[in-house]
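Keep the viewer open and follow along.

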Amino acid sequence: MNELPNPEELVSVQPAPPGPPSHDPYAALRYRDYLFYAGGSLFAAIGSNMQAVAVGWELYDRTGQAMALGWVGLVQALPVMLFALPAGQLADRFDRRRLLMLGLVLTALCSAGLAHLSYTTGPISMMYGLLFLNALARAVMWPASSALMPQLVPRDVFSNAVTWKSTSFQIASVGGPALGGFLIAVFTKAGVVYAVTAGLTLVNLGAVALLKHRAARRAPEAMSIASVLAGAGFVWRTKVVLAAITLDMIGVLLGGATALLPIYAKDILAVGPSGLGWLRAAPAIGAFVMALALAHRPPFRRAGPMFLAAVTGFGLVTIGFGFSKWFWFSMLMLGLAGAFDSISVVVRHSLVQLSTPDEMRGRVSAVNTVFISCSNELGEFESGFVAAWFGPVVSVVSGGIGTVLMVVLAAKIWPQIRQLRSLVGD
């Protein structure tokens with residue numbers, strides 16, 4: 001069996017040479033396949049955000065029960081936690097483009113099924129079943145999609161590619177829910193949203209089908225439990241990657257205030273449902289502005305310190321939001337939280353992909369997917385649990401303080417993250 005390279009040698013921790021070349025902010029967009037990949041992903045992400053709004057609206061409208069919304073999170077979290085790691089192994093052994101296309105076909109069929117159930121007022125249990133299948137398809141797609149992107153652009157352009165991908169995600173996060181709500185208001189049925197989502201997913205499928213086939217290095221070992229877990233072993237050995245993934249997970253787990261925004265909108269800021277909409281949009285707006293700024297600057301030459309500063313900033317503005325009783329200050333804090341999160345996403349995603357051998361990218365991406373998915377779902381649970389016992393302000397502020405303390409602890413445990421300089425390497 002071929003020996004894997006020393007993981008710590010795959011990421012440069014030395015300063016880049018002086019005198020950086022001129023930076024092209026649109027470098028990634030000049031590559032045909034990346035343009036198809038990112039453009040298709042934008043359409044699919046808009047549809048996914050539209051569908052999330054429609055599912056929540058329809059389930060609560062039909063049942064009148066808050067727990068109906070809780071089950072949505074559970075049925076979509078379970079497939080990711082159960083199947084993401086095996087899906088990472090598939091992404092390292094088979095054609096990633098075809099795996100991505102297979103997942104897109106299944107998600108389009110699930111959206112079409114939801115449209116049918118909506119128009120016919122079908123059983124809610126079947127809606128949950130389709131949401132489970134949709135999440136299963138995403139569990140298969142995510143490792144393949146993440147591992148595919150480094151094959152579409154040169155190494156020195158990858159951070160720029162991540163930045164534009166993050167930008168498109170923020171556009172979808174703002175525009176998708178707004179468009180979904182508009183369509184429901186006009187047609188008075190969520191079914192039209194599911195149908196549009198299916199169509200947008202098919203647009204992404206067509207874009208992926210147009211990508212040129214690229215042979216990737218395949219995992220040499222046979223499929224086994226040990227092989228499936230090899231991605232987790234690689235992350236554990238590569239301390240700089242472990243630090244980045246762990247800190248990002250802790251930031252979302254402790255510092256996320258999104259789950260409590262309805263309480264802030266109604267009881268603390270007294271801005272009602274329209275104000276809640278703006279509060280939910282604020283992080284995405286901040287992330288979008290920051291992503292555009294990052295696209296127009298060269299790659300970070302002190303990526304590690306910048307990452308630590310961004311997670312610290314995220315924790316501090318979360319504390320500021322927690323104490324705020326003024327709507328516009330709360331908007332500012334949430335916008336800054338999104339901006340800091342955008343920086344950490346670019347550094348983490350670039351680091352994970354560029355430090356991983358191509359034949360392991362699927363499995364390492366799967367580990368990253370599990371970390372982030374679990375932190376999102378468990379973060380909502382943690383925020384609600386603490387708020388139920390001690391109130392929303394204590395929940396949000398304590399989470400921000402915990403995030404800042406974890407940055408200090410992580411910097412001491414993993415000094416490699418402090419030493420990380422250029423993500424591109426020599």
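Thr188 sits in the loop between helix 5 and helix 6, where helices are DSSP runs of H or I with at least four residues, strands are runs of E with at least two, and both are numbered from the N terminus. Thr188 isn't a glycine, yet it has a positive phi of about 60 degrees. With a relative accessible area of 57%, Thr188 is exposed; the scale calls a residue buried under 20%, exposed over 50% and partly exposed in between, using a 1.4 Å probe and protein chains only.

A word on provenance: this is a predicted model, in which local features need pLDDT of at least 70 and side-chain atom pairs count only at pLDDT 80 or more, while totals for chains, interfaces and linings use all residues. Residues are numbered from 1 along each chain as its sequence is written, and side-chain values use heavy atoms, with hydrogens and water left out.

Thr121 also goes for a positive phi, about 50 degrees, although it is not a glycine. Its place is the loop between helix 3 and helix 4, so let's look at that pair, following the DSSP numbering. The axes of helix 3 (residues 96-120) and helix 4 (residues 124-148) come within 8 Å and cross at roughly 160 degrees. Axes here are lines fitted to C-alpha atoms, for helices over the stretch in contact, and angles run from 0 to 180 degrees between N-to-C directions. That crossing angle makes helix 3 roughly antiparallel to helix 4, given that angles over 145 degrees get that label, under 35 count as roughly parallel, 65 to 115 as roughly perpendicular and the rest as oblique. The crossing of helix 3 and helix 4 is left-handed, meaning the near helix is turned anticlockwise from the far one by less than a right angle (clockwise would be right-handed).

Now jump along the chain. Helix 12 (residues 303-323) and helix 15 have axes that come within 8 Å and cross at roughly 160 degrees, which makes helix 12 roughly antiparallel to helix 15. This crossing is left-handed.

Leu409 and Leu247 are 162 residues apart in sequence but 9.9 Å apart in space, C-alpha to C-alpha.

What about the largest nonpolar core? It has 25 residues, and those with the most contacts inside it include Ala28, Tyr34, Leu100 and Val153. Such a core is a set of buried Ala, Val, Leu, Ile, Met, Phe, Trp, Tyr and Cys residues joined through side-chain atoms within 4.5 Å. Helix 5 gives the most to this core, with four residues. Leaving aside neighbours within four places in sequence, Val153 touches Ala28, Tyr31, Tyr34, Phe158 and Ala161.

Zooming out, the chain has 16 helices and zero strands. Of its 426 residues, 53% count as buried.

Terms used
Contact = heavy atoms within 4.5 Å.
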